[in-house]
Amino acid sequence: MEIKNITTLGDLKKSTYTSKNIKDELKDNLISKIQNKEVVFKDIHGYEHTVIPQLESAILSKHNINLLGLRGQAKTKIARALVQLLDEYIPIVKDSPIMDDPMNPISKMAKDLILEKGDKTPIEWIHRNERFFEKLATPDVTVADLIGDIDPIKAANLKLSYEDERVLHFGMIPRANRCIFVINELPDLQARIQVALFNILQEGDVQIRGFQVRMPIDVHFIFTANPEDYTNRGSIVTPLKDRIGSQIITHYPKSIEIAKQITQQEARIEDNVKDSLYIPELAKTLIEKIVFVARDSDYIDAKSGVSARMSITMYENLVSTAFLRTLRNGEKKGTIRLSDFHGIIPAITGKVELVYEGEQEGAENVAMLLMGEAIKSLFPDYFLEFRKLAKDGDYSEFDKVTEWFINNSKLELSFEMDEKGYQSAMIDIEPLTAIMDKFQPDVDKKDIPFFKEFILWAMVENQMLDRKRKSDKLEFEDNLLGRIS
């Protein structure tokens, strides 16, 4: 019988439906997907050999889970992905406040209704997407919010005593019966509130305001926590940690390629913007390299972490900066430039926690230093290390670039320069063409201007050229004092 035709408890009993708890649902569906060679967590990248196997083991063990990791490590995304391991639809007693299973009701409302109507008890079907509840732990969260409390208004309207079970107002956890319930930033929850979770995790029941109500709540808990919070704002009380089945430690992407994959998946770029801009692969790589450099920087608090959201917002800002230029110039097509990276600074300054030295340097200066260090460290992957070019008596292609600047004063790259002007400016520096022909002869023609500007920025970082940033442009010129001869 099709689900839509099953509308009463009697019809449900005649069907092949079998009631099961949520942890069995997750376990059985995970086993099925693995046996069918399906990708279980298809949008989670970089965890294939670390976090995901541990997560799958925890699900097979029917454990509640604590995801422990720094900001921007996909903890909430993992929790939401678990919804896909639930059955597509489950039946509930119609209008039940806690999604009572018709075959195993636990609330007084559902029990009384079934006692009254028997097999004619109406049921409805809930899709798995409606079985995900999430609560951000904050210091002002109360037991009533999570578990429930007596509702005086309900008591007055129904003319019931406070001793009547029907006056109870259920909190978020009972209402999440047969669902996945996520508590984000668990250490922020006050210790006395954490204590209220003991029975739910161990025995699966709740007690509200002294009512001896045995309610075997069926909830799969996912907690998230940041190691920094253990010292800054609070901690997870030891008995609660003891009741959480598995603690899984997350991490940042271990390679640039994985980081790029995540950014491209998560960045919100509209199709018309994508169609109007060409984005060199080196630009995408540089975005991720900046984040990797930031995580190792002495200016940034390593304990706080550098979120993957930083690379996503930097990429969005980079694209928007170039798109804005094409709009102002009335151009239908444009190309990302390295000079467009001035637009990513707000995405950096708003995402990093600076240590004392970083505060002294200033957030914007730190952003520029990170960018410069990323360019400097990427340069040998495409060309050669500058120190290998600096042998006594050598006269390299890079020396010819500095010679060009001696003879031609300075190069000005306006942030609003149109495509034709930018292309022409890059072509005018003939030694850059020779460098590209020698080290990157097979690069796509559309990438060449970005690579040429990349060479100029790298030469600045290695003190072979000087770069000045004005309000509306960049100026490159010879740096006689710092130049490597």
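Tutor: Start with a term. A salt bridge is a side-chain nitrogen of Lys or Arg within 4 Å of a carboxyl oxygen of Asp or Glu. This is a predicted model, so local features need pLDDT of at least 70 and side-chain atom pairs count only at pLDDT 80 or more, while totals for chains, interfaces and linings use all residues. Residues are numbered from 1 along each chain as its sequence is written, and side-chain values use heavy atoms, with hydrogens and water left out.

Student: How many salt bridges does the structure hold?

Tutor: The structure holds 25. Take one of them. Lys-410 forms a salt bridge with Glu-475, and the closest N and O atoms are 3.5 Å apart.

Student: Where do Lys-410 and Glu-475 lie?

Tutor: Lys-410 is in the loop between H21 and strand S12 (411-414), and Glu-475 is in strand S14 (residues 473-478). The pair therefore ties together parts that are 65 residues apart in sequence. Helices (H or I, at least four residues) and strands (E, at least two) are DSSP runs, numbered from the N terminus.

Student: Is Glu-475 buried or exposed?

Tutor: Learn the cut-offs: buried is under 20% relative accessible area, exposed is over 50%, and partly exposed is in between (1.4 Å probe, protein chains only). Glu-475 counts as buried because its relative accessibility is 4%. Lys-410, at 36%, counts as partly exposed.

Student: Which residues are linked with Lys-410 in a network of salt bridges?

Tutor: Glu-412, Lys-470, Lys-473 and Glu-475 are linked with Lys-410 in that network.

Student: What is the order of strands in the open sheet?

Tutor: First the rule: two strands pair if DSSP finds at least two bridges between them. Here three strands form an open sheet in the order S12-S14-S13, with antiparallel pairing.

Student: How many bridges join S12 to S14?

Tutor: Four bridges join these antiparallel strands. For example, Leu-413 has Leu-474 as its bridge partner in S14.

Student: Which strands pair with S1?

Tutor: S1 pairs with strand S8 (residues 219-225) in the parallel sense, over four bridges. S1 also pairs in the parallel sense with strand S9 (residues 246-249), again over four bridges. Look at Asn-66: its bridge partner in S8 is Phe-223, and its bridge partner in S9 is Gln-247.

Student: Which residues cover the faces of strand S1?

Tutor: Strand S1 (residues 65-68) has both faces covered. Ile-65 and Leu-67 on one side are buried, as are Asn-66 and Leu-68 on the other.

Student: How are two packed helices described?

Tutor: By the angle between their axes and the distance between the axes. Axes are lines fitted to C-alpha atoms, for helices over the stretch in contact, and angles run from 0 to 180 degrees between N-to-C directions. The axes of H21 and H23 come within 8 Å and cross at roughly 165°.

Student: What does that make H21 and H23 to each other?

Tutor: Roughly antiparallel. Angles over 145 degrees count as roughly antiparallel, under 35 as roughly parallel, 65 to 115 as roughly perpendicular, and the rest as oblique.

Student: Which residues of H21 and H23 make the contact?

Tutor: Contact means heavy atoms within 4.5 Å. H21 brings Glu-397, Phe-398, Lys-400, Val-401 and Trp-404. H23 brings Glu-430, Pro-431, Leu-432, Ile-435, Lys-438 and Phe-439.

Student: What is the N to O distance between Glu-419 and Arg-325?

Tutor: The side chains of Glu-419 and Arg-325 meet in a salt bridge at 3.5 Å. Again distant parts of the chain are linked: Glu-419 is in helix H22 (residues 419-428) and Arg-325 in helix H16, 94 residues apart. Glu-419 is buried at 12% relative accessible area, and Arg-325 is buried at 1%.

Student: What is the phi of Lys-62?

Tutor: Near 60°, a positive value in a residue other than glycine. Lys-62 is in the loop between helix H3 (51-60) and S1. Arg-178 has a positive phi too, about 70°, although it is not a glycine. Arg-178 is buried, with a relative accessible area of 5%.
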